[in-house]
Structures are given as C-alpha cells and as structure tokens.
Amino acid sequence: MKPRKIRKLLVANRAEIAVRVMRSARELGIRTVAVYSDADEAAPHVQMADEAYRLGPPPAKESYLRGDLIIAAAKKCGADAIHPGYGFLSENAAFAQQCADAGVTFVGPSPKSIEAIGNKVNARQVAKKAGVPTVPGLDRAAKEGEDLSALAKKIGFPVLIKAASGGGGRGMRVVREAKELERNLREARGEAAAAFGDGSVFIERYVERPRHIEFQVFGDTHGNVVHLNERECSIQRRHQKLIEEAPSVAVDAKLRAKMGETAIRLAKAVNYHGAGTLEFLLEPDGSFYFLEMNTRLQVEHPVTEMITGTDLVKAQIAVAEGAKLPWKQDDLAPRGHAIEARITAEDPFTNFSPQAGPILGLTIPSGPHTRWDAGIREGGAISMFYDSMIAKLICWGTDRAEAIERLRRALAELVIVGVPTLVPFHLHLLADERFRKGDFHTGFIEKEFSMEGIDRPHLEEAAAIAAALEYRRRRQETPQVNGGNAGLPTSSAWRVNALREGLRT
Amino acid sequence: MKFALKHGEDRLELSVEEEAGGYRVSDGKTTWHVRFDDRRGAVRGVVVDDTRHSIGVARKGETWDVVLEGINYEFLTRDARFEKLLALQQDRGGDAGGRAELRAPIPGLVTNVLKGVGDEVKEGEPVLVLAAMKLENEIRAPRAGKIVEVKAKAGAAVEKGELLAVIE
C-alpha cells in the first residue's frame, strides 16, 4: 500500500494514551476518531475525539481487542489510518496486516517487522544473527505440557518464565527452586492466555541485580534509523515499571554510543520503521544483554520527548505518511533530565493491591516543566476491566536532582480522592538516599525498599479531623427526609423536592 | 458534638466545638484549633493549628475517603450504620470459634479453585486464583485448617469483600 497523507486518524485505544495520541493529531490538523467499550462511554478519550464509535461490552476481548470491529469502524467513518497506542492490538502483526488489507494505514512498523522481532523468541534469534548478546535460555517457545525441568537445571536457578507474546510483566514469573517450576509454568501460561490470547512461554536465566535500560529507536521507510537515547526503568515491582527516567545515571556517553549503535543495528536487521524500544539488562560491570523489542510507543515515552525536545507521536504519523525522519542522530543528544511517576490506583500500604473505584476529587499539578498525561477526570472511575493507571506525571530539570525535586513538588500538589494511589510510594522513594544517589537495580523495590516510616500519626489525626468536620457539616445541612440521608444540598428547595420525589420511587 | 472514627484498627473519638473563626477539636488529650474550608468540592483547605493542608475528602459508600500528602485514609464515622459495620468487621477477623474466612480483597474473576470442601490446607497455601486488573492473584489460606465451605466458582465474578471460602 502506498503511504499517503493522513486526514482522519482512528485511535484504537483508551485512557491516557488515546488522549495523548489525539493531542498530536489535533496539532497536525488531523481529525480524530475514538472507539470505546461500554465502560468508557463518557471517558475523556471519547469526549476529546471529533467522532466516536462503540465497540462492545467492557471486557477487552469483546471491545479493544476486536480488530475486526475497529477496522469496520475505520472503514465506516472514512479514517485513513489507525494508531494502536500501547497494549491491546499494538504489537499484533495480524492486526497490522488486516489494516493493510483493508486499505487503512497502520501507524507502526510493518507486520513483517513485528513478526520478526516483536515476539520474544524470534527476537533472540534475530539478536544472535546480528551478534548481539542475549541472556542464556530456551530459543523457542515451550510447548504446552513440555517438561522444562532438565533445561531449567542446565540454565541454573533462578530462572525467569515469560510470555512469548506481550509485555508489561504479565505472564512473567521468577522461579528459584525446581519444585516451584511446574506450578509457575501453569500460572504464567494462564495469565499469558488471558492477556494476549497466546499461552506460550519461554524460560531464561534470571540475572541478579541488573538494571533495566531501554533504548528508544525510530526508523523511516527510507532505511534511516536513529536512537533517542536510553531510559532507566529499574524502579519496578513484579515487572511493572513505577518510575522511569532519562537519561540513566548508569550510562555514560561511551556506553550510550555503544548500546545505541547496537539498538540501531537490531532495528535495521528487521527493516524497522516507526517508534520502537529495545530492552536491555545492564550488569554493574557495563556488560549488557538484549531482552526484547517493543514494537510500539511506550508508556514512558514522555521522558524521551522531554530530554530530546521531540514529539514521538507526530514523528510516528510523519513516518506512516512516508516522510523521512525529522531528525539526524546529532540532533538527539540528551538535554537535562526527565523523570516520570506512574500514578496508578494501587495501595502501596497493602502490598500494592490494585483498587477499582471512583475518582471523587482531583487536583492536577502544574507549573514549570511539569506534564500530566491522564485519561481520567474527576467523576470518572478506575474500572476492574482494565489496568489501574490513572495518569503519568512527568517533570524535566536541568539535572537529575532538579527533576527529582520538581517531581516531589508536583506530587505534593496532586490530590486524588476515591482510590488509594501510588503517590505516597513515590514521595517516599524520591526522598530515599539510595534512589537519589542512583544506586538501585530491578530488584530494589521488592527486596531493599520499604514503605515503613511514612505512616506518620499526625497526618492521621489531621485526616480524622477533616472527616469529622465534613461529616458534621453534611449532617447539619441535611434536611431529615425519610430518616435523613447525608449529602443532600439545602441550597435549592427545588433540588430537595426533586430528591424527595426520587426517594418515593 | 462528639464523633467516633475508625481507621483500620485505630479508633478515635473527637469532640468538635465552634469557636471564633473555626472549630476547637479535641481527642481528650490534645486540642487543635482548626479552620475548615466549607466549599462543597472534594479538595479543601484545612488549617490544623498553624499548618495548612490541602485535603481531599469525599463520602465513599459507608466511609469517608480522606487524602492527605498522597495517603488515603478511610474512616467510618458514627451513625446508626456505624456500630453495625464495626460488628461486621469484627466478624471478618474470624479468630472467634476457629473460623477463618477468605474474602475477595479486590473485585475480580475467579479463574481457578484449587481446593475443595474437606481439604486440609497449610498456612499460606493457595486456595484459589483471582484474576483482577489483568493479574492473577493467588488467594492463600490465612492459617492452617480444613476447608469447610467453598463459595467461589471458577468463572464467576466477585465483588470486593465477597466470601470465597471458609477454613476451620
């Protein structure tokens, strides 16, 4: 299919990433189309779009994963391109192919590139061919019911089980003892099948105390590939990233050039175009192993945008239209430091358990070099059908120390009422001496960091005072209708009457 | 006016009296002078003695959700339903009579029930698997015992706090 100008873009995603993609499209004068499940009918991404189409019931399998319905919506409304965001269908080669077959531009790499490197098993083979080191392990997906105990012993425990498709930590397990292998394999397969529709997994050696360093690459359809430096993503829990930074304190200019060159070599090996990310494990001695490639825009792309002054979504659209890359490698040296905190509805005081619930109140931080990427607003809700992300808060500073202080300042401005969030975790981490020195690895949060000492009693008293005063105010304002009901406004007799009417039914 | 509050295991009784420009609040030991921004939004200014806080406060079902410096506190406040809720919560602790109830910590989908009625379980042993927010969570036995009741069915959606199984 010949590339052409995009005039109308369908965004096949939801929440913050759908909103973020639409912002760039709007700046380019491109008309935007949202799709939604029944759970998202009034969501910000729907309200922001110029047009919106219903896909189906809330479960992703019946809505955001229904490529057929999405392509049908694109055809119906005359969208000439589909942006998949991240997650859902973004790394699905079959969907990219179906878009091409339907004459709709897929804003992303070719189905062939996704096929060649998006799958973790294939990625290892590509890397081997290109002479890029990988972690020892199985070079193909394990068969259903295959006995992996002999291989696991040969690799040496601990081993890591990973879903062959997908990412974000789902279907990933660390196994430390042979007797735990079978149960973990079963559960990883279950998670992978539920999340990606593909239950195949593979195993490899689990490297202790590494950093997770990833490189943003970008290619065009004319054979040019550049890298936009690294992101430091070692602050994670159960393989879910919590804080991302760019650049990394562990990468100097020499290592950056070496890893960047490696990343470009791999991207070129599969004729990659569009935005992509190569994940590496970096050992304390500076040796690195290629892990996998994410053939899409990443959640944490804003930190890269901030240190390079770029708009990656605009560049994706330009490349999809057949244009050459808007930058040369020399334009992309990192400037200053950026840091992102993922604000999710997880309770750091109860083992980070995710919480569905309403957003009853919201004060959004702002100020110099402070970016709030959200797909939810006050009055919305965190649904149990999707992940627990509320927003991303990203700050830039002239150096790492300033970026950290700016993020602390912005987090202190943020108030989210209704669900517990990661905010207290971030505040505690950003004050941690080891974090501030940059002395951490991927196991830091789970093994060496604790939330203890943050639950200060005077705060609880102030919170209790607020609860008591608000309770008192509501009780005093409440007319005693049918035994009384907290929260009825007295300001308008009409409204009280309307509520009385409502209570009779 | 007195208010009883419960946050987790902590209980607090606060007396509130109006005073010039605000309220005098006391827990019997300490007295605070408080100014409270009376707008109806969910995010308010609260001044406790001389310290200003931006506090989020909203009713959430039977509780008040209060947010201060990023930390969410859930308070039960005393009214007719309060005592009943306290009684309910005490039941959940479950040590009385040697019963331990497994309840769903989050809303989700039961994907696998690993134990049946009559099975002996060790403390920490997985009893069932609950999928929520795209993760599979093992629900483990809080203590050793025998499964006497299994309410959870594979494939069923459950609400937060719903009874899944009982161990005696």
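Thr105(A) lies in strand E5 (residues 105-106) of chain A; strands (E, at least two residues) and helices (H or I, at least four) are DSSP runs, numbered from the N terminus. The model is predicted: local features need pLDDT of at least 70, side-chain atom pairs count only at pLDDT 80 or more, and totals for chains, interfaces and linings use all residues. Residues are numbered from 1 along each chain as its sequence is written, while chains are lettered from A and ligands numbered from 1 in the order in which they are written.

Thr105(A) is buried, because 24 other C-beta atoms lie within 10 Å. A residue counts as buried with 20 or more other C-beta atoms within 10 Å of its own, as exposed with 12 or fewer, and as partly exposed in between, with C-beta atoms placed from the backbone. Setting aside residues up to four places away in sequence, Thr105(A) touches Pro3(A), Ile6(A), Asp80(A), Ala81(A) and Ala320(A). Contact requires C-beta atoms, placed from the backbone, to lie within 7 Å. His83(A) is 22 residues from Thr105(A) in sequence, and their C-alpha atoms are 8.6 Å apart.

Two residues of chain A other than glycine have positive phi values. Phe88(A) has phi near 40 degrees. Its place is the loop between strand E4 (81-83) and helix H4 (93-101) of chain A. Phe88(A) counts as buried, because it has 22 C-beta neighbours inside 10 Å. His239(A) has phi near 65 degrees. This residue is in the loop between strand E10 (225-237) and E11 of chain A. His239(A) is partly exposed, with 17 other C-beta atoms within 10 Å. Most residues other than glycine have a negative phi, and most peptide bonds are trans.

Pro158(A) sits in the loop between helix H7 (149-155) and strand E6 (159-163) of chain A. Pro247(A) belongs to the loop between E11 and helix H9 (253-269) of chain A.

Helix packing was examined next. The axes of helix H1 (residues 15-27) and helix H11 (residues 312-320), both of chain A, come within 9 Å and cross at roughly 65 degrees. Axes are lines fitted to C-alpha atoms, for helices over the stretch in contact, and angles run from 0 to 180 degrees between N-to-C directions. The crossing of H1(A) and H11(A) is right-handed; this term applies if the near helix is turned clockwise from the far one by less than a right angle, and left-handed if anticlockwise. H1(A) contributes Arg20(A), Val21(A) and Ser24(A) to the contact, and H11(A) contributes Val313(A), Lys314(A) and Ile317(A). These residues divide into 3 nonpolar, 1 polar and 2 charged. Nonpolar covers Ala, Val, Leu, Ile, Met, Phe, Trp, Tyr, Cys and Pro; charged covers Asp, Glu, Lys and Arg; the others, Gly among them, are polar.

The axes of helix H12 (residues 400-413) and helix H13 (residues 423-430) of chain A come within 10 Å and cross at roughly 150 degrees. H12(A) is therefore roughly antiparallel to H13(A), the term for angles over 145 degrees. The crossing is left-handed. Ile404(A), Leu407(A), Arg408(A) and Leu411(A) of H12(A) meet Val423(A), His426(A), Leu427(A) and Leu430(A) of H13(A). This contact comprises 6 nonpolar, 1 polar and 1 charged residues.

Val423(A), Pro424(A), Phe425(A), His426(A) and Leu429(A) are the buried residues of H13(A). Their cover includes strand E11 (240-246), strand E14 (337-344), H12 and helix H14 (433-437) of chain A, together with strand E8 (71-77) of chain B.

The largest nonpolar core holds 169 residues. Such a core is a set of buried Ala, Val, Leu, Ile, Met, Phe, Trp, Tyr and Cys residues joined through C-beta atoms within 7 Å. Leu10(A), Ile82(A), Ala338(A), Ile465(A), Ala466(A), Ala467(A) and Val66(B) touch the most other members. Helix H16 (residues 457-477) of chain A supplies the largest share, 9 residues. Beyond four places in sequence, Val66(B) contacts Ala463(A), Ala466(A), Ala467(A), Ile55(B), Gly56(B), Val57(B), Tyr73(B) and Phe75(B). A separate core of 20 residues includes Ala152(A), Leu160(A), Leu185(A) and Phe196(A).

Chain B has 1 helix and 16 strands. Of its 168 residues, 31% are buried. The contact between the chains takes 49 residues from chain B and 42 residues from chain A. Strand E6 (residues 51-60) of chain B provides 8 residues, the largest share of the chain B side. That side divides into 32 nonpolar, 10 polar and 7 charged residues.

Key:
Angles under 35 degrees count as roughly parallel, over 145 as roughly antiparallel, 65 to 115 as roughly perpendicular and the rest as oblique. Two residues are in contact if their C-beta atoms, placed from the backbone, lie within 7 Å.
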